[in-house]
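Hello,

Here is the structure you are taking over. Please open it next to this email; my notes follow below.

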Amino acid sequence: MIFNIALKDLKVIARDKKALILLLIMPIVITFILGAAFGSSFSKRGLDITVFPVAVVDKDGGDQAKAFIEDFLVKDLSSLFTTQIATEEEAFNLLNSEKVSTVIVIPENFTDNINNGENSIIEIKSHINQQFNSNLVSSVVNGYMQKLSLGNTGANAAIETSQEYNLPLNSEDGTFEAQGVIQELQIRFNTDTLAFTESNQEKNKSISSIQYYSAAMLIMFLLFGALRGARMMIEERETRTLGRVLTTRANIATMVLGKFLGFFIICTCQALVLILFARFVYGVYWGSSILGFTLLTLSTIFAGSAFAMFLSSISKTSEAADGLGNILIQVFTVLGGGMIPVQLLPQFMQSLSRLTLNWWAMQGYVDLMFGRDLITILPSVGVLLLMGVLFLGVGITKLRLQ
Amino acid sequence: MNKIINIAVFDFKKLFRDKVAILSMILLPLVFTFIMSSIYPNSKDIQEIPKVGVGVTNLCSSELAATLVEELRADPSVYLLELTEQEILDAVKSSGIEVGFIIPEDFGQEKEDIINYNITVVKTPSSSGHSAIVSILESSFTEIIAKEGTRGYYKNKLDSLNITEQNRILFILSKKFDEKINKGSLVTVESSVYTAGNNIKKFDGRAQSSMGIAVMFVMFIVIIGGMGTILDDKKNNTWGRLGISPTSFTQIMAGKILGTFIKGWTQIIVLILFGKFVLGVDWGNSLGTSIIVLSIYLLSVTGIGMFLATLVKTDAQLGPLATIIIIPTSMLSGCYWPIEIMSETMQKIAVLFPQYWAMKALRSTVIANMSLSDTAIPLIIMGAMGMFFFVLSTMSGAFKHEPKQKRGKGADVAA
Amino acid sequence: MSYIQIKSVSKKYGDLTAVDNISFEIKEGELFGLLGPNGAGKSTLISIITTLIKPSGGQILVNGLDIKTKQSEVKKILGLVPQDIALYPTLTAGENLAFWGKMYGLGGRLLKERVKEALEIAGLSDRAKNRIDSFSGGMKRRINIAAALLHKPKVLIMDEPTVGIDPQSRNHILETVQKLNKEGMTVIYTSHYMEEIEFLCSYIGIMDHGKIIAMGTKEELRKLVSNKDVIKIKLTNENDAVFNTIKKLDNVDNITFIDGDLSINTGNADTVLAKIISTLENAKCKIQTINIEQSNLESVFLHLTGRALRD
């Protein structure tokens, strides 16, 4: 009896091409785009940066400016961008027409100010559509200027101290002394750098964005699949066939379980297709623990189907269930880290994330992808099952009352 | 004209009869905007930057290591916790802290001619905030090195001059160094977005993400809620009835487009106001230009919506089709995240979508306060896209008012 | 004086000829009935008259105006009640009427009055503020008609306005049509319900396979089958051989057998009935009931096509 109900639902859904597109093709496309978009935030490989043009305006003309432009920008950074020297007007015309992504402006008296220990400001103007490249320019210029500043700060401090104590200096104007400090510091800056090693715990383990999003989209579209099931349940109520089924020997529990089994099978088939597609077409590694993976996937499907059951019990019409479900699934997905990594969200949002089944499922999949074993994902599985039982319980109770 | 307005007004009225549509077209984008923009700090009060949880285990007793930890603690964006190694591992795993550092016992000590400045980092692989913290550490470290270097160099000088009282002189040197540091870096770098006029503006992530969500959801409302009404009319047989009323095809289409326009603008206004007053998004000074940009975007998306409506028979089919088109193309066009983070190929593909041009134009007007002439190219492209699809769909003849032919079925149509 | 002139109009869809070179005229103030089975081409003809479909050939004049060249003037004269409910389900009855009124150029106080009148005609004044999707089928039909009356059309065209509704609503609709016609409105009424056409219409055209096969007043049409009765016999079993025998009897013009109903057209029921019954009994056909009907449009149709209206 239960199987009969489930089988009927399967037949109905298999005939619906529109649903098949939505439930199978859509996740594959979106996974691909998300994977491509965030290609670098997960793996350690850098971005493929193409060399982009930058303009520099030298209002100073002194030695410091020349050293900055010729040694640093033009020579050291030639692999990052091409530098062209321009007048202020030219430079901003180039920027306005997006021919350069960034303009660096060296102020007047830059060299003098540095030598006299006075502050100066380097302006970096970026084109609005070139934020990424500009940030790169800013950060390298910043690094250079910090070291330049510190070197001169050290030199100035040394000169002032020497003057205060009337210590014999190597030359009349103190330049030599200053050069000595600056040179010393440049050497130290090059040799004494912090090195960061990743802790052994997570060393050599990383997941690619396509892996991450394959899991995220799997979860999201499993929910959509379950929602589709929920809609069918209500359509049945609307077309009164539910009443008809109930006049046969089936009681409400058989009915609910049959429906639930239907959702479950639909989602399992969907999951299987998506998982295998990701595995063989995108080369996604789903982890080494087959048992853990199966357990996690099944509990995700369980929780998702139960959620659909719950939705159908609280909505009056199939449109309402569809609309509400669509909204909730999308919100859950964003909150649960399905579109952007949860870590990007502020703390209070991250706490909200934990209320979504997406988050728990996601944690489980990520753990597995790191090669962790069954034991690590048991908390996730537990929470998912608990959520499922809660949703199912509320769903059945509500349907009984109707 | 009255008839055009009549069609538009009633289409608008019908939208509000559908609670689910209201929820998914107004509430959902609001929630999305809220979540997505929460990634970025509020542009108005920078102080509100949430502190990032950072854990440190300092196994080294050197002054250098201690200074480094204090520098990190002093940073306004860091909330520093001193933890044990195990605590750090656990806290990172449970997302209690963004990143953890373990400073080894022999930090700063020389071993085989190499000074060990190695710090162990503990973070989740998907952590994105750790790089900012790492650069704070690096910058603090450079500062310490500079001070130490100056001091060391000066001490050597003093030694070579056989000067006593070294401690006092070196103390003064350090003091002077610190004073200068506190006065600020000799050279500071100020980055800003190039804007029309002379005002300095930082790149505003919140504005960008609010714009993106608006651009995407407007497409939904225009295609499903706007052009979908033609299919709805067909389903209700009212399309034919419109055809026999003394109203021309042009009037009917103008009414439909006007209705779509009103819906689109309603959504945009809700999103702009929500962004401005709830999230503190700065929508810039060239509001007039932004309105023109959005209006032309609406028209171009209307053209696309019309075209999609010719491809399907019912509005139930339009929904999934629109979704499968809108979400991926919006992602590629930079509605969800800055387009630069994607590969070159992806960025080139994005040129095909109107959302890309809308985002480009809006960035110029909202963030860079640029004028209409600066956004001419995106506007022309969007306009052309709209026209292309408009002509394509009117030529297809799918909007004819002809009733469906039930040919040769006379016998089995039940009375 | 003829108000609507249809001159050799045809419409082809590929191989299928939906309307086949039809010509006829309708006088002002007439209640014209167009009778024919489903698929006869009635709706296509209606769609051509209301300018929804362009004919493959021919010309139509309404009040002397060519519908091809004076489309918008003609549209203002015509009011169509479409076969399917053409209303917005989420809008209220009042809103629907206001919408369609405005589409016919009404506005202001006039619109309000007309909406009120139309609701009264539909007998649904108290339901003006209810949404169409909360209405029963019959109520929807009545609003569907009311929406075509707002601009007081000279010609009201009703395409199967009573399909699938309760008897009460049907009576209401038929009465409304009669009343409107008495007030001077020209009405074209299509239906495959013979009874409705017979009850309502003064002038009737019978359509089949895209052609008008007969046209005239009720009386004129009946004359086609004058002195002919229809014997209807309900049988519990059938026997093709016996039907052929009956067909060959004197005075039997035509015979059809559908679902156990045997219809026999005859010049004289009294003389032939006894023979028929004995023939049937000889063939061991069991008779349940026997009815003798005077000629009606049904029998006209049967006479002309050899088929029943609803087969």
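Two strands count as paired if DSSP finds at least two bridges between them. Helices (H or I, at least four residues) and strands (E, at least two) are DSSP runs, numbered from the N terminus. The model is predicted, so local features need pLDDT of at least 70 and side-chain atom pairs pLDDT 80 or more, while totals for chains, interfaces and linings use all residues. Residues are numbered from 1 along each chain as its sequence is written, chains are lettered from A and ligands numbered from 1 in the order written, and side-chain values use heavy atoms, without hydrogens and water.

In chain C, β1 (residues 2-13) pairs with β2 (residues 16-27) in the antiparallel sense, over eight bridges. C:Tyr13 has C:Leu16 of β2(C) as its bridge partner. Two residues lie between the strands of this hairpin, where C:Gly14 takes a positive phi near 60°.

Chain C also has an open, mixed sheet of six strands, ordered β6-β7-β8-β3-β9-β10. Its edge strands, each pairing on one side only, are β6 (78-81) and β10 (211-217). β9 (residues 203-208) of chain C runs antiparallel to β10(C), joined by six bridges; C:Gly205 is partnered with C:Met215 of β10(C).

In chain B, helix α4 (residues 85-93) has the buried residues B:Ile88, B:Leu89, B:Ala91 and B:Val92. Buried means under 20% relative accessible area, exposed over 50%, partly exposed in between (1.4 Å probe, protein chains only). These residues of α4(B) pack against β1 (52-58), β3 (99-103) and β6 (118-123) of chain B, contact meaning heavy atoms within 4.5 Å.

Regards
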